[in-house]
Amino acid sequence: MKKYDVVTTLSYPKTGAMGKTGTWRIFRPILNKDKCVKCLRCWIFCPEGAIIRKDDDSVEIDYNYCKGCGICARECKVKAITMEREE
Amino acid sequence: MKVVVDTGNHIAALAAKLAKPDVVAAYPITPQTTIVEKIAEYVAKGEFSGDYVCVESEHSAMSACIGASAAGARTFTATSAHGLLLMHEMLHWAALARLPIVMVNVNRAVGPGWNIWSDQNDSMAQRDTGWIQIYCSSNQEIFDSIIQAFKLAEHKDVQLPVMVCYDGFILSHTSMPVKVPEQKEIDDFLPKREPKWVLDPENPVTHGNIIMPKDYPSIRKAMQDAQENAKKLIPDIAREWRERFGTYHGELIERYMCDDAEYILLTYAALGAESKIAINELRKEGKKVGLARIRFFRPFPTEDILDLAKNSDLIVLDRSISIGMEGPLFTEVKSSLYGKSDAKVFGYIAGLGGKDVTYKDIEKMVNHAIDGKYREVVWYDMGGC
Amino acid sequence: MALKDLPREEYLLPGSAACPGCPATIGLRTVLKALGKKTILVVPACCTAVIESWYPNSSFNVPLLNIAFEASGAAASGIVSALKQKGRDDINVVVWAGDGGTYDIGIQAMSGAFERGTDFIYICYNNQIYSNTGIQRSGATPYGAWTTTTVSGKGEFPKDMGAIVRAHRIPYVATACISYPEDLYNKVRKAKEIRGSKYIEVLTPCPPGWRFPMDRTVEMGRLAVETGVWPLYEYENEEMTFNGISRAIFEGKYKRKPVEDWLKLQGRFSHLFKPKRDEERIKRFEKFVDDMWERFRKEFG
């Protein structure tokens, strides 16, 4: 990544540009891997891209950035994801 | 080198062609139209290196130039008065984005009512945008300034857009002989643009997202520093041009008979040329007067003004007015002198809305000041002297 | 094609400034996967301009030019022109603009870009309001909707932007919805391969703007299509093709769910139901949707 030296509003790509947005959560999604059928709906519908798609198409939630919107739980057809209140 | 006799607008189009821009995005408006038409002619003849985008408004013209310049292109456009005002938002944008766009603004009065004749209110109203501003007094100067503008704008220590202004009809539609260098000679003077930032999938950047107050002032300071750098480069570029091509119009300002002058007339654009005749006539009468023609209004030539004021009083002639205050040159000249000079400064406003101002009128104004009749800002158009 | 066929690469990075449940980011993730790395985005003032996060960081891993609200189409024209001169017309130039920057203040620049045949994709993500400035009405806001500037419900119907864009006779005009990612992905992939101007309008249901819980975003988009409020179609070479459920609606094979079912789930329409049912306005809304499908049948049947 080359940084330009002219002074103007140039910003560079960063994961967590707003910091660890996981701190925004009130509810957190809990994934039951046994129920998961790897349909990838949660992966494609996550607004944050906080559902990580693994090589075998299983998924994992990145709690660093998950904002707890609950779309994944809502869209999972086999109810493999439930929302639980953060402590 | 050949001599071309043509109108200011056609000369501007020729200069734009020889500068080899990658993209021209423009919209017609009187009295700039013959520029865009001439460029269209070049395109039709296959003589134009760039892509010509016929946008649907001036705001879009500047927006397209910004897009093109951000993608690494050398860009050019032209407009006038209402078109300039319409793109005002994007003038700010281009300068803050540090994009070296070059634009011709053919000066024209602002309406309502519709007034196609010349004064400098339109471009003076852009003096806060961060654009470098040049005011031309001859077609040769138009040609030279446009090519030099690209060199200045694209310089690594500047990276600011430049507007080259000249009077509608007085220059835009008047033919004068102009010495035009060969394309190869222009290429030697003006190398290809090397962008200092660019939209490139190999190095993804986001330009222009939210910036917090604590970070913003540095952007402004960098623009200010860039204009200060421009001040130092302008004389170098002018002298290089003179060495290569033989024509020269001064640097930040052009001095004429200032050395022993007791009074120096300061003005810009076509009135700058007309004033030379007035100065000559007054000199014949034995009056010790000189002329400092302001070429660059931004960056403002404060050091030159201070120098002129060392041994002379200054008579300022504006062809524009900042309503509620004075002519902009008058204000800024005084500001340059504040606390550093005892020189008297007299303010005259003439030629608004294209009202004719001849060298005889200018003589009257200068005499008015010399004869001690000045009390406050003089609106010459309204019978002020 | 299935979801597993969508590329893994993320060009919108996690940890952006978007609201939880934001449909724009759902749309962007899919759209950017379809476009790939060789893409330059043009983004006017809109929610996405904020979602990018702030200087010196960006949540976008493709080059992105922010531009003034009304100027997307023009800025894109300039970029396309510059890339062409540099022999880089293999780079996708894509506008990603809200309905404000498309239907209203941005319409002129978009129209001009289309009329010039600019080789780019214009994607309007439509959340039916000026969302970024805090939920004011736009030319895309539906009849009867509350916004901060239509407090008792909008009295006018939205512009038929699809018809306006189709009237420019550009090679590809489509509608999509974030709730149908395969459809959106396919449309962007198709647009990418066509030379000339392409327009895709994506319905993006906004939780704070439409007043529904943030986990219902995808559901709200789906129901908009199932009720027929939002048609999914492609218009290419003057031929209209409806997609998925919209096709079934068009062919009379699917009975649209009641529009009311969609209205009732959104707080922005609650005044049509409480304290008293506003039959007249509900009927007008329903008639608008009926008339739209009637017009489709007349024009494309």
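In the predicted model, 34 residues of chain C are in contact with 34 residues of chain A. The largest share is that of α1(C), which gives four residues. Sorted by class, the side of chain C that touches chain A has 16 nonpolar, eleven polar and seven charged residues.

The contact between these two chains includes strand pairing. Strand β1 of chain A, residues 10-13, pairs with β2(C) in the parallel sense, over two bridges. In this pairing, Tyr12(A) stands opposite Asn57(C) of β2(C). Strand β1(A) also pairs with a strand of chain B: two bridges join β1(A) to β9(B), residues 206-207, and these strands run antiparallel. Here Ser11(A) is the residue opposite Thr206(B) in β9(B).

Both pairings belong to an open sheet of eleven strands with mixed pairing. The order of strands is β2(C)-β1(A)-β9(B)-β3(C)-β1(C)-β4(C)-β5(C)-β7(C)-β6(C)-β8(C)-β9(C). Strands of chains A, B and C are therefore found in one sheet, with β1(A) placed between β2(C) and β9(B), and β9(B) placed between β1(A) and β3(C). The edges of the sheet are formed by β2(C) and by β9(C), residues 239-242, each of which pairs on one side only.

Chain A itself contains two helices and five strands. Along the sequence these elements follow the pattern β-β-α-β-β-α-β. The radius of gyration of chain A is 16 Å, whereas a compact globule of 87 residues would have a value near 12 Å. The C-alpha trace of chain A spans about 50 × 30 × 15 Å along its principal axes. Of the 87 residues in chain A, 43% are buried. When contacts in chain A between residues at least 6 apart in sequence are considered, 65% of them join residues at least 24 apart.

Chain B is divided into two domains, domain 1 (2-245) and domain 2 (253-382). Their C-alpha centres lie 27 Å apart. At the boundary between the domains, 27 residues of domain 1 are in contact with 20 residues of domain 2. The elements of chain B that each supply at least two residues to the domain 1 side are α6 (121-124), β6 (132-135), β7 (162-167) and α9 (216-245). The most is given by α9(B), with five residues. The domain 1 side that touches domain 2 divides into 13 nonpolar, nine polar and five charged residues.

In chain C, helix α7 covers residues 181-193. The buried residues of α7(C) are Pro181(C), Asp183(C), Leu184(C), Tyr185(C), Lys187(C), Val188(C) and Ala191(C). An α-helix has 3.6 residues a turn, so residues three or four places apart point the same way. Among the buried positions of this helix are Leu184(C), Lys187(C), Val188(C) and Ala191(C).

Methods
Residues numbered from 1 in each chain as written. Chains lettered and ligands numbered in written order. Predicted model: local features only at pLDDT ≥ 70, side-chain atom pairs only at ≥ 80, totals over all residues. Rg over C-alpha atoms; globule rule 2.2 N^0.38 Å. Buried ≥ 20, exposed ≤ 12 C-beta atoms within 10 Å, placed from the backbone. Contact = placed C-beta atoms within 7 Å. Nonpolar A, V, L, I, M, F, W, Y, C, P; charged D, E, K, R; others polar. Pairing = 2+ DSSP bridges. Domains from an automatic or database assignment. Expected span 1.5 Å × (residues − 1).
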